[in-house]
Amino acid sequence: MSTPEVTPVGPGPGTDEPDQEPTIFVLFGATGDLAHRMVLPAYYELYRRGLMPAHWVLIGNGRGDVSHEDFQGDVRGAVEGTGVQLDEQEWSAFAGRLRFAGGGFDDTDPGSLLDVIDTVRHQVGDNARYIHYLAVPPVAFGPLTDGLKAHDLLTRARVVYEKPYGTSPQSFQELDDRVHAAMDESQVYRIDHFLGKEATQDLHVLRFANTLVASIWNNRHVAQVQIDVPETLDVADRAAFYDATGAFRDMVATHLFQVAAEIAMEPPVSFSAADLQDARESVIAAFRPLRSEDVVFGQVEGYLDLPEVREGSTTETYAAARLWVDTDRWRDVPFVLRSGKQLAKSEQRVTLILKEPDGPLDGVPLHAGELSFSLAGDGEIELSLVLKKPGPGLDTVRQTMRLSLDDVPDSDPLPPYVALLHDVTLGDRSLFTTGAGLEQAWRAAAPIIDAPPTPIRYAVGSDGPAEGDALTDGIGWVAAQFDS
Ligand code: BG6
């Protein structure tokens, strides 16, 4: 490892949040896929926007032995890979705060992390706090947590855990106990980036700020809720992680359950961070444990040929589930969830499909009324209504109006990882999951984890197994109506 080139560490561009303390960010799994695609570009974006603390250093950690300069080059590649045009001056000020500490890290062997921290501590401030980010597979959370405790890196620290936090009810409980043995709950940030999406946050604003929307948010008006995230992308770049995880844990029991909770929650006592978090997380206790007849798994053709996939693996690359929420508001309304890789299109869509009204008008098209949200990008809201087709007769026609959140004047949307990392620096836990909520999520998922369905083979570029479509009770996936 080369000697660190010391760059003076001072305030970042336009830093306007002087209340933020000097910080040593430690990113575990810094050479991995998640760090490259999401976490490192998010730190750069925070810096560019002047949202980092005035004094900070980011230390990447991994098993390999990477020089500080190579790591800086690697981060540059990751940031450029997201399509950002770098301003060279700004970039070199950012890069000067990046270090790499190799040799791994656990309770018996800290690798070079403690030495690297020693070399930067005086630059950031002797009393700097830590923000640790564990961008690693779930199996590594426990050993890293033990290491942080053993090497005294948890004083004045916050720790971000990627998802999935646990992989079963038992492993969740063991991990959570281990985490609580090392730190206080207030230090724990269990991230689920779907909660950080602009459009996800809009779900509850739209509902609680508009009587029109609030009044239909129940089983008297809604026939079905769909939370549908088909993806065209494959898993070739992270096949080892994926093969150990599968679509059900990677997407359904995690992201899609959290979005379901956003829809299903009762009105919070207030819009304070704690009340919002409480409302979202407590409804998960009303998720009925999934039954095998309500779940379909699929595996895409060619998956078994990926180099890091186990021979004969039965890991699912597609999962669809019909979830029931046992509250008075949602009794008898199916929440139909789906996600899969290498499907025909990519969408991230939440849709409330409305019931047909009782009344005097005949021939109202079935399931025509819909309120649909795209969670992708900056977000979109679509409202489909039945109208009179202009003309001499009384014919009905269905039309859809669209509201794009990026058309909102003066809006300044933050990508989800940027928004959530910013919340961590500020200490705002409202968009993070709680141990109690996750315990309930794993409880609802348990029957499927204990006895997973056999995956049905599906073709690349298809809509996945027809058995999954059947869970929509003949309505079909709403995502198919929209252009990607
Ligand atoms: C990740 C999953 O958490 O979310 C991926 O591990 C999935 O499998 C991704 O593709 C979707 O994220 P995004 O950024 O497209 O919303």
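Residues are numbered from 1 along each chain as its sequence is written, and side-chain values use heavy atoms, with hydrogens and water left out. Because the model is predicted, local features need pLDDT of at least 70 and side-chain atom pairs count only at pLDDT 80 or more, whereas totals for chains, interfaces and linings use all residues.

The shell around the ligand consists of M38, K163, H193, F194, K197, E231, R238, D250, M251, H255, K341 and Q348 (a residue is near a molecule if one of its heavy atoms lies within 4 Å of it). By class, this shell holds 6 charged, 3 polar and 3 nonpolar residues (Ala, Val, Leu, Ile, Met, Phe, Trp, Tyr, Cys and Pro count as nonpolar, Asp, Glu, Lys and Arg as charged, and the others, Gly among them, as polar). Helix α9 (residues 239-264) provides the largest share of the shell, 3 residues (helices, H or I of at least four residues, and strands, E of at least two, are DSSP runs numbered from the N terminus). Polar contacts (pairs of N or O atoms within 3.5 Å; within protein, one must be able to donate a hydrogen and the other to accept it, and residues adjacent in sequence count only if both atoms are side-chain atoms) involve several of these side chains. An N or O atom in the side chain of D250 is 2.6 Å from an oxygen atom of the ligand, and for the side chain of K341 the distance to a ligand oxygen atom is 2.6 Å. For Q348, a polar side-chain atom lies 3.0 Å from an oxygen atom of the ligand. The protein buries 84% of the 400 Å² that the ligand exposes when taken alone (accessible areas come from the Shrake-Rupley method with a 1.4 Å probe; for residues, only the protein chains shown count as cover).

K163, a member of the ligand shell, is also among the residues nearest the centre of the largest cavity, together with Y165, T254, T433 and L438. A cavity is a set of points, on a 1 Å grid over the protein atoms alone, where a 1.4 Å probe fits but cannot get out; a pocket is an open set with protein on both sides within 12 Å along at least five of seven lines, and lining residues have an atom within 4 Å of a point. The search of the whole structure gives 1 cavity of 30 Å³ or more, and the volume of the largest cavity is about 90 Å³ (grid points are joined across faces, edges and corners, and a volume is the space filled by probe spheres set on the points). Its lining comprises 14 residues, divided into 8 nonpolar, 2 polar and 4 charged. Helix α12 contributes the most to this lining, with 3 residues.

The second largest pocket has a volume of about 550 Å³. It is lined by 27 residues, and L212, L354, L383, S384 and L385 are the closest to its centre. Strand β13 supplies the largest share of this lining, 6 residues. The lining includes 18 nonpolar, 5 polar and 4 charged residues.

Backbone exceptions were also located. K163 and P164 are joined by a cis peptide bond, with omega about 0°, and P164 is in the loop between β5 (157-161) and α6 (169-182). Q342, which is not a glycine, has a positive phi of about 55° and is in the loop between β10 (334-340) and β11 (349-354).
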